[in-house]
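This briefing concerns helix geometry and helix packing. Please consult the sequence and the structure shown here alongside the points that follow.

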Amino acid sequence: MTVLKEARERWVRTGGVELCVAELGDPEQPTVVLVHGYPDSKEVWSEVAARLADRFHVVAYDVRGHGRSTAPQPLRGGFTLEKLTDDFLAVADAVSPDGPVHLVGHDWGSVQSWEFVTTARTEGRIASFTSLSGPSLDHFGHWIDRRLRRPTPRRVGQLLGQGARSWYVCLLHTPVLPELAWRGPLGRRWPRILERAEKVPGGGYPSSSLPRDAAHGAWLYRDNVRARLRRPRTDAYAHAPVQLITPLGDRFLSERLYDQLEEWVPRLTRRTLPTGHWAPRTRPDQLAAWITQFVTSVEGGGSPAPASGAYADRFGGQLVLVTGAGSGIGRATAFAFAESGARVVAVDRDAEAAVRTAERCRLSGAPEAWAETVDVSDEQAMEKLAEKVATEYGVVDVLVNNAGIGLSGSFFDTTAEDWKKVLDVNLWGVVHGCRLFGRRMSERGQGGHIVNVASAAAYQPSRALPAYCTSKAAVLMLSECLRAELAGQGIGVTAVCPGFVNTGITSTARFAGVDPAEERRRQQRAARLYGLRSYPPEKVADAVLRAVVRDEAVVAVTPEARVARVLSRLTPGALRAIARMRPPL
Ligand code: NAD
């Protein structure tokens with residue numbers, strides 16, 4: 001929290017103000033300049049700066065009038081984008097005289113950084129720009145203009161949507177009132193508001209300069225917004241690669257603002273993050289990882305474009321662990337995450353299968369992939385795995401508890417041993433995964449997602465599958481309960497319920513109450529029927545990724561699973577009648 005207070009400090013004089021500049025890390029490394037927003041000071045970056053400091057020369061400065069920097073006199077006209085550009089150039093010249101800097105801006109820090117990266121006089125001084133929650137006023141002006149000129153219902157909806165999010169901008173244009181509010185009750189309550197509404201952890205942030213920062217910062221809006229939106233520059237093209245990180249829960253900015261950004265930014269990398277406006281405080285790990293990846297690739301002269309798979313903007317660089325990844329749905333899910341650029345841990349009790357999956361993940365686009373051999377029903381082995389993953393690879397962002405086994409047979413044919421086996425893997429495996437990896441996710445306090453692969457058998461009873469159906473119903477209920485418990489922490493929980501999917505499960509499923517020859521015959525027949533149904537596991541994998549992105553609670557995959565889900569709610573009697581039918585095996 002106090003990392004910036006302990007940083008090396010220097011003062012930079014420019015245009016009648018003195019800017020307080022904090023530096024961390026080795027000045028020989030590439031310089032990353034962090035610019036804060038409104039109402040903030042450079043302290044907003046302390047968590048991110050601490051994570052970047054072992055790789056980069058990290059610089060954060062208090063914008064004029066904020067934190068410990070002095071304010072221009074008079075205030076009116078002292079905060080124009082031109083003056084802010086002078087300040088940035090003065091800081092860049094002081095901290096990195098010999099080379100360009102990598103710029104990272106949040107909120108108004110990003111708004112002003114767009115100005116820096118699109119004006120000619122900074123050309124050659126900026127190596128890359130990571131933008132977070134702050135559009136270019138010029139791009140925004142054209143965005144509005146385009147919608148007003150050709151107002152289709154969709155475009156009007158987008159305008160109204162952004163208008164509803166911008167109410168505070170009008171308030172900030174009123175004279176004196178914002179200053180009075182910030183120096184009075186709003187300034188006192190702001191930390192609590194941030195904690196409650198934005199889930200920003202307290203403890204030393206925001207800094208004590210907040211009322212002054214917020215009062216001065218109102219001039220950022222007054223000096224720039226109306227003028228630029230009325231007459232946006234037509235040459236606001238970025239002269240450096242840009243990484244745009246869009247928080248999906250931003251209550252001040254609509255995602256649609258960035259729809260045509262490629263027109264202005266030839267080299268654009270998009271990222272999305274399921275959090276609110278203050279991502280530097282709520283998701284510092286993810287931001288630091290993306291900034292590191294982007295800066296490193298630009299420094300290496302490589303392409304900063306993320307992987308090409310679905311949702312690469314969301315999963316690129318995230319750590320995803322999939323159990324039962326050696327075959328079927330788990331394997332397809334591991335590949336889908338790999339194609340999206342995720343780092344994948346492929347877990348299976350079958351060591352060779354896990355290794356094969358990890359190898360293919362690396363070929364498919366995963367920057368890193370590892371194979372781990374574990375029986376998910378073995379609590380101690382799972383504890384060891386969780387420990388190893390945390391120390392060697394990091395906290396898991398997405399956990400997919402997929403490993404499972406099939407068991408068919410009437411209730412009286414199913415032995416206690418059979419029950420134990422299927423519950424150990426299908427239910428306890430999921431419990432262990434949620435407990436061990438979920439706890440670390442929760443303790444980290446930076447969100448995440450857990451997917452538990454249940455089955456349509458969770459809500460569709462069958463006389464032939466009492467143990468399997470029971471295990472999957474338990475997984476479905478566990479997922480719902482855990483989802484309720486973790487809702488306030490930004491951790492989503494999804495139960496995925498496939499119907500008949502063409503995987504190897506049929507040939508390994510146990511058939512209770514029959515001799516081995518008959519069991520073999522039934523396995524083969526089941527495999528044939530599932531083959532004829534021919535629903536590919538890749539489609540389930542797509543549904544898994546989509547469910548994480550949309551944070552869905554329960555996802556029925558395959559048409560029969562969806563129909564059964566509807567029947568289970570509307571006419572459970574129909575499902576009970578189907579449950580009595582003998583299976584065709
Ligand atoms: P699969 O047999 O093709 O793959 C399962 C994988 O899990 C295998 O690689 C296996 O080695 C691994 N595994 C099994 N027990 C394990 C354990 N104790 N520890 C670690 N790994 C273990 O099966 P699949 O069809 O891909 O099934 C995946 C999940 O989907 C299961 O939970 C299953 O119940 C569920 N499901 C499958 C279908 C279907 O029709 N295939 C339908 C609904 C639900």
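In a crossing of which hand, left-handed or right-handed, does H13 pass H14? H13 passes H14 in a right-handed crossing, meaning that the near helix is turned clockwise from the far one by less than a right angle. The model is predicted: local features need pLDDT of at least 70, side-chain atom pairs count only at pLDDT 80 or more, and totals for chains, interfaces and linings use all residues. Residues are numbered from 1 along each chain as its sequence is written, and side-chain values use heavy atoms, without hydrogens and water.

**H13 and H14**
- The axes (lines fitted to C-alpha atoms over the stretch in contact) of helix H13 (residues 328-339) and helix H14 (residues 351-364) come within 8 Å and cross at roughly 25°.
- H13 and H14 are therefore roughly parallel, the term for angles under 35 degrees.
- In contact (heavy atoms within 4.5 Å) are residues including Phe335 and Glu339 of H13 and Arg360 and Cys361 of H14.

**Helix H16**
- The 29 residues of H16 (residues 416-444) should span 42 Å at 1.5 Å a residue, and the end C-alpha atoms are 39 Å apart, which agrees; the expected span is 1.5 Å times one less than the number of residues.
- H16 bends by about 40° at Asp424, the bend being the angle between axes fitted to the seven residues ending there and the seven starting there.
- Gly445, with a positive phi near 70°, follows H16.

**H16 and H17**
- H16 packs against helix H17 (residues 466-486) at an angle of about 15°, with axes 9 Å apart.
- H16 passes H17 in a right-handed crossing.

Conventions
Helices (H or I, at least four residues) and strands (E, at least two) are DSSP runs, numbered from the N terminus. Axes are lines fitted to C-alpha atoms, for helices over the stretch in contact, and angles run from 0 to 180 degrees between N-to-C directions. Angles under 35 degrees count as roughly parallel, over 145 as roughly antiparallel, 65 to 115 as roughly perpendicular and the rest as oblique.
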